[in-house]
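User: Hello! I am new to this structure and would like a friendly walk through it. Could you take me around step by step?

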2 protein chains.
Amino acid sequence: MSMDVTFLGTGSAYPSPCRGASAVVFRTEGECWLFDCGEGTQTQFMKSPLKAGRITKIFITHLHGDHLFGLPGFLCTVSLQCGSTAVKQHVEIYGPVGLRDFVFRSLEISHSQLAFPYVVHELIPSKDQCPVEEFKDFSRSGIDNEMASEVEGRTICEDPEDGSYMLFENEQFTVKAIKLFHRIPSFGFVIREKERPGKLDVKKLKDFGIQPGPLCGKLKLGATVTLENGQTVHPSDVLGDPIPGRKVCILGDCSGICSVGSAKLCQEADILIHEATLDDTQMDKAKEHGHSTPKMAAEFANLCRAHKLILTHFSQRYKPPGMVSEGDEDVLVLKKQAENYLLSQDVILAEDFLTITIPIKKQN
Amino acid sequence: MSMDVTFLGTGSAYPSPCRGASAVVFRTEGECWLFDCGEGTQTQFMKSPLKAGRITKIFITHLHGDHLFGLPGFLCTVSLQCGSTAVKQHVEIYGPVGLRDFVFRSLEISHSQLAFPYVVHELIPSKDQCPVEEFKDFSRSGIDNEMASEVEGRTICEDPEDGSYMLFENEQFTVKAIKLFHRIPSFGFVIREKERPGKLDVKKLKDFGIQPGPLCGKLKLGATVTLENGQTVHPSDVLGDPIPGRKVCILGDCSGICSVGSAKLCQEADILIHEATLDDTQMDKAKEHGHSTPKMAAEFANLCRAHKLILTHFSQRYKPPGMVSEGDEDVLVLKKQAENYLLSQDVILAEDFLTITIPIKKQN
Ligand SMILES: [Zn+2]
Ligand SMILES: [Zn+2]
Ligand SMILES: [Zn+2]
Ligand SMILES: [Zn+2]
């Protein structure tokens, strides 16, 4: 089952002609999810091979404008393009409390009526996610659920056991959020694919005398079957090893995580997407603004033994390769700095429109 | 005194890589004003030679997203770029009631503190500006003035005499708004430059025996002076004819005006910027959505005897010249349609980044 992530915006603070504001698309068969929606995300979609209308879930890491201000326009344009007659799946939106109010009011003031239902599930941040003086409580200013959408959005609280937030689970995936420390409360999202049953072993089937047909289907789905000769066959008798699930971690702006539990949840991530707003020579400034440098990102990648680190959310001063003019800083510096601290993992610099595939894992 | 308008977005409904969402910049010595601020306007500024930080006034024609959703990000980025230490003039924003609330809440939810003061002056629309069922009253949902900004914004009502709204007046300009009919209440803005005194006539000064110096300055400023020989000289004795003021009319989305007074205010406009979302073959559809076609724009230009008509706000289906692929429609069709109905005026198709100069008028 194919799985990839595509960056639609890799710039920090605001969109520029060189780098869009934050937006990442996660795709796998049947699913297309958007992580953050900075201003201009809808135009970045149009410039990419991706279809905005395919998005069924949107995750907002935090409420800074460079991650949020494209959301009302994105929803309106998807609505316009899918038309009022087309069947568009409803859209589920996840993000910090205050998001529902913002989405609702932006659509209301602009007289926008979406052609599809949407629902906003809100995460309740905790005070350890930002400097005390920056913490604002938006939970009371929220508008009524019924006003905002037809379906009632959930309010999602921290799981006291591991400090995570359970966003949803289906047959294929669980998605949890972890708490990050930033100028304002920020979250990371951990997508965990479930283990899938191994392939039917043709040789073993033959040994049991099982022909291709319904029996094979039952075994593949995990059912024990009885053959005509009375023999009982368990799935484990004929299936190869289960295929391990993949893990993709997409972190919002941060200068660090808030609990050891977060690092545990990211353990062995196949892909860790981490911000690196400034280079290591500016670590103090980065931390002051709640941001990370390549060293900080690399150390977190080491801590959770991520297999691949992808840096993004670069200060607009770091021009993409090919756009570096005299006086500009080259983003490749950040890659080298990360490599200085990484144990052995790959590090990749995100660029607008870069797609990274996450291959199926080998059986254990 | 130079005067020009630059289009930063000429597309309807949403921004695309071919056409940005609505935004026009009006410049004259010492003034730089933005009309509408669709999503992506800040990036369009960066692609143009204009400086976003120069903007001191922003006018929003109506609250549809394609004219509004770029405003919070625009303000945040200007604030970031001017820095907290730099002296940035305060920004005055004019638009329909509801705008103050939207700006305030967008900045609040994103924890944005602007490095400069801003104030929102709200226009109270009337019910004849849109279909009855679309009219929403945002006047009560407004937040307190004191919350929104340090300076108190005005609430501007219709002048019952001519149905216009007086936005402001300074030594050089008056700016009024006129009511337009659209899906939701929409406004047009009429910038009227004041008549300026004529030039000193060197020959006439010589006849009076007046040497270059303080006396000339006083006469130029309109004061009557007495010469050493006791002779009284009036400004009109030595000044050439006054230089007539220019008039620029920038209209929001509309399928028509709401009163004859509006046409009067636009009378003899040097430049009339009018939307033409669809071509004449789709006039019914255009009207249904509160929009105009080239014929409708041309007829209004004729009615107010505008000297130059500029069409903009094109459906994204009309690709700019040079971007027309097979199957696309060419925007030049709209120009020809307007020419079919115009009396003798020029018509120009707006394009992103097109600048149009408004020359000083000849003395009467
Ligand atoms: Zn950011
Ligand atoms: Zn941030
Ligand atoms: Zn529009
Ligand atoms: Zn409109």
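User: Let's begin in chain B: is B:Asp36 buried or exposed?

Analyst: Happy to start there, keeping in mind that this is a predicted model. B:Asp36 sits in the loop between strand 3 (31-35) and helix 1 (41-47) of chain B. Its relative accessibility is 6%. A residue under 20% counts as buried, so B:Asp36 is buried.

User: What is the phi of B:Asp36 near?

Analyst: Most residues other than glycine have a negative phi. B:Asp36 is a residue other than glycine with a positive value. Its phi is near 70°.

User: Where is B:Glu268, and does it count as buried, partly exposed or exposed?

Analyst: B:Glu268 lies in the loop between helix 9 (260-265) and strand 15 (271-275) of chain B. Here too phi is positive, about 60°, although B:Glu268 is not a glycine. With a relative accessibility of 35%, B:Glu268 counts as partly exposed.

User: How many of the ten residues of helix 11 (residues 294-303) of chain B are buried?

Analyst: Helix 11 of chain B is mostly covered. Among its buried residues are B:Met296, B:Phe300 and B:Asn302. In total, the number of buried residues in helix 11 of chain B is seven.

User: Which residues are the protein donors of the zinc ion (ligand 3)?

Analyst: The donor atoms lie 2.1 to 2.3 Å from the zinc ion (ligand 3). Along the chain, the donors follow the spacing D-H-x185-D-x59-H. They are B:Asp66 (OD), B:His67 (NE2), B:Asp253 (OD) and B:His313 (NE2).

User: Why is the arrangement around the zinc ion (ligand 3) called irregular?

Analyst: Four donors count as tetrahedral if all angles lie between 85 and 135 degrees. The four donor atoms around the zinc ion (ligand 3) subtend angles of 90 to 169°. That range makes the arrangement irregular.

User: How far apart are the zinc ion (ligand 3) and the zinc ion (ligand 4)?

Analyst: B:Asp253 bridges the zinc ion (ligand 3) and the zinc ion (ligand 4). The two ions lie 3.4 Å apart.

User: Now for chain A. Which residues coordinate the zinc ion (ligand 2)?

Analyst: The coordinating atoms are at 2.2 to 2.3 Å from the zinc ion (ligand 2). Its donors follow the spacing H-x1-H-x117-H-x70-D along the chain. They are A:His62 (NE2), A:His64 (ND1), A:His182 (NE2) and A:Asp253 (OD).

User: Which residue coordinates both the zinc ion (ligand 2) and the zinc ion (ligand 1)?

Analyst: The site of the zinc ion (ligand 2) is irregular, with angles of 89 to 166° among its four donor atoms. The zinc ion (ligand 2) and the zinc ion (ligand 1) are 3.4 Å apart. The residue that coordinates both is A:Asp253.

User: Is A:Glu152 buried or exposed?

Analyst: A:Glu152 is in the loop between helix 5 (145-148) and strand 7 (155-156) of chain A. Its C-alpha atom is 6.6 Å from that of A:Val119, which is 33 residues away along the chain. The relative accessible area of A:Glu152 is 60%. A value over 50% counts as exposed, so A:Glu152 is exposed.

User: What radius of gyration does chain A have?

Analyst: Chain A holds twelve helices and 20 strands, and 58% of its 364 residues count as buried. A compact globule with 364 residues would have a radius of gyration near 21 Å. The value for chain A agrees with this, at 22 Å.

User: Last one: what distance separates the centres of domain 1 and domain 2 of chain A?

Analyst: Domain 1 of chain A covers 3-196 + 243-357, while domain 2 covers 202-238. Taken over C-alpha atoms, their centres are separated by 44 Å.

Conventions
Residues are numbered from 1 along each chain as its sequence is written. Chains are lettered from A and ligands numbered from 1 in the order in which they are written. This is a predicted model: local features need pLDDT of at least 70, side-chain atom pairs count only at pLDDT 80 or more; totals for chains, interfaces and linings use all residues. Side-chain values use heavy atoms; hydrogens and water are left out. Donors are N, O and S atoms within 2.8 Å of the metal (3.2 Å for Na, K and Ca); water is not among the atoms, so sites may look incomplete. Four donors count as tetrahedral if all angles lie between 85 and 135 degrees; four count as square planar and six as octahedral if opposite donors are over 155 degrees apart and all others between 65 and 115; anything else is irregular. Helices (H or I, at least four residues) and strands (E, at least two) are DSSP runs, numbered from the N terminus. The radius of gyration is taken over C-alpha atoms; the globule rule is 2.2 Å times the number of residues to the power 0.38. Buried means under 20% relative accessible area, exposed over 50%, partly exposed in between (1.4 Å probe, protein chains only). Domain bounds come from an automatic or database domain assignment.
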